[in-house]
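User: Could you walk me through the aromatic contacts in this one?

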Amino acid sequence: MSVNSPAPAAHPAGTPEFPRHVVTAVLVAHDGARWLPKSLAGLLAQDRPVQDVIAADTGSADDSARLLAESLGDQRVLHLARRTGFGTAVDEAARTAAPLTAEQLPYLQRRSGWDPVSRTWNDDAYDEPEHPFGEPVQWLWLLHDDCEPDPGALAALLRTADSSPSAAIIGPKLRSWYDRRQLLEVGVTIARSGRRWTGLERREQDQGQHDQVRPVLSVSSAGMLVRRDVWEELGGFDRRLPLMRDDVDFCWRAQAAGHTVLIAPDAVLRHAEAASRERRPVDCAGRSAVNPHRVDKAGAVYTLLTNTRGPLLLYVIARIFVGTLLRTLAYLVGKVPGQAVDEIVGLLGVLLRPGRLLAARRRRGRGAVPPSDLRPLFPPPGATVRATVDQVVSNFAGRADAANAAAGRHGGAVESGPGDEDGEFLEIEQFGRLKRIARKPGPVLFAVLLVVSLVACRGLLGSGALFGGALLPADPGASDLWSTYVSSWHPLGTGGTEAALFVCSGTQSNLIALLSH
């Protein structure tokens with residue numbers, strides 16, 4: 001069976017819903033065996049099945065390739081290098097799975113004039129249009145290995161496509177993998193400082209408050225439905241963005257070219273955000289695994305500097321520099337030096353390659369749509385101030401260590417409500433943080449010395465007083481200690497009227513008083 005031949009499990013005998021829309025699902029996997037069973041189950045259980053499916057495994061070190069082959073067949077799985085980026089993998093898969101034609105999908109063709117049952121000719125059939133459901137529209141449905149579409153997700157996406165013929169890119173509503181009601185994205189945009197902006201509150205619950213089909217700057221690559229001709233026209237995702245911000249850049253270029261990007265909130269996907277939450281390594285952004293915060297920072301800077309047009313570019317450059325400086329200081333004060341380094345390295349990694357930026361700007365050209373027409377799709381001025389303040393306060397409070405580092409690109413806190421085997425995975429991640437702390441010599445040495453000190457001085461933890469031949473009698477309480485301090489006579493040696501030397505802080509004085517009981 002070829003890649004383009006119909007699969008019995010994916011194609012019903014009758015005509016599917018929205019028959020003129022031909023969908024090829026492209027699933028990319030990278031060390032995703034933890035999530036793939038549910039992702040594949042969601043894909044194959046769609047109420048409106050896809051007409052074709054192709055998967056790409058990028059050198060997974062786990063059972064991802066085997067799971068794909070068992071569910072889809074060996075002929076539907078591409079095996080790519082481990083450092084292959086998401087966009088490159090989609091390109092390879094789309095080239096392998098060529099568009100399906102009317103010969104392969106008979107319901108797209110006009111009825112035959114010959115009726116084999118009655119063995120007669122039906123001349124009326126020749127008066128029907130060549131395409132009874134309209135001109136076929138080819139779509140690519142991009143899926144991550146850590147996202148699970150609801151059974152009605154594709155039908156909801158195609159319903160929006162059918163009612164909005166101008167739509168070139170349509171995205172679903174994303175919910176958390178563990179908390180099924182927590183919203184992750186209902187469309188996304190980018191602030192002038194580079195922040196990925198969803199307009200949602202932290203851990204906001206889905207109560208239908210965002211369930212309106214509307215234009216947005218971008219949708220996530222997880223579950224993105226894109227017309228194949230638009231994908232080919234724009235050249236797919238930018239190869240300079242191997243993983244993060246590739247969706248924002250692609251949709252921004254589509255908007256500038258005059259295409260429409262819509263969000264279809266009736267289509268729902270659950271997304272684990274495995275890479276941004278550090279639940280698997282990011283291998284496609286360098287010769288070795290890279291911190292996802294650094295990749296995201298570099299992607300944000302690249303996206304802004306290559307797509308911003310006109311005099312606004314100077315303002316964006318200033319915002320990037322000032323924002324990077326402030327975030328770096330906040331990370332340092334919040335004792336997260338690793339993310340502070342990622343901010344600087346991510347920025348310099350883009351700015352020190354001006355040739356790439358200039359070449360990318362030339363490829364994008366001036367665009368068919370004036371930048372002023374796209375302004376409503378960006379966050380309003382000051383919209384990101386609150387999120388920035390919350391992040392700075394979190395850093396000052398010392399909560400931005402491993403928990404926030406693993407909180408994903410939306411900055412959410414540790415998710416709540418995992419069920420069945422997902423709870424085990426979350427528990428594994430929590431123990432992983434403890435293991436990372438245990439590998440640091442400083443905290444381990446402090447803990448060991450603290451335990452040894454407590455054991456050696458266990459006699460001082462209860463009631464009693466310090467005594468010994470070289471110790472002066474201690475005051476029985478804190479008030480007596482202060483009285484001694486302000487007294488005009490001090491019985492030291494032969495006695496004296498000199499002022500007492502205060503060398504202890506208030507906390508130390510109270511501790512001495514308590515130990516002297």
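Analyst: A residue counts as buried under 20% relative accessible area, as exposed over 50% and as partly exposed in between (1.4 Å probe, protein chains only). By that rule Phe-250 is buried, because its relative accessible area is 0%. This is a predicted model, where local features need pLDDT of at least 70, side-chain atom pairs count only at pLDDT 80 or more, and totals for chains, interfaces and linings use all residues. Residues are numbered from 1 along each chain as its sequence is written, and side-chain values use heavy atoms, with hydrogens and water left out.

User: How many aromatic pairs does a search of the whole structure find?

Analyst: The search finds five, where rings of Phe, Tyr and Trp (its six-membered ring) pair if their centres lie within 6.5 Å, and planes under 30 degrees apart count as stacked, over 60 as edge-to-face and the rest as tilted. Trp-231 and Phe-250 make a tilted pair, because their ring centres are 5.3 Å apart and their planes stand at 50°.

User: And Trp-231, buried or exposed?

Analyst: Trp-231 is buried, at 3% relative accessibility.

User: What about Phe-237 and Phe-250?

Analyst: Those two rings, Phe-237 and Phe-250, pair edge-to-face, with 5.2 Å from centre to centre and 80° between the planes. Phe-86, Trp-231, Phe-237 and Phe-250 form one aromatic cluster.

User: Switching topic, which ring does the charged end of Arg-192 sit over?

Analyst: That of Phe-378, with the charged end of Arg-192 lying 4.2 Å from the ring centre; the criterion is NZ of Lys or CZ of Arg within 6 Å of the ring centre and within 35 degrees of the ring normal. The charged end of Arg-270 sits over the ring of Trp-177, 4.9 Å from its centre.
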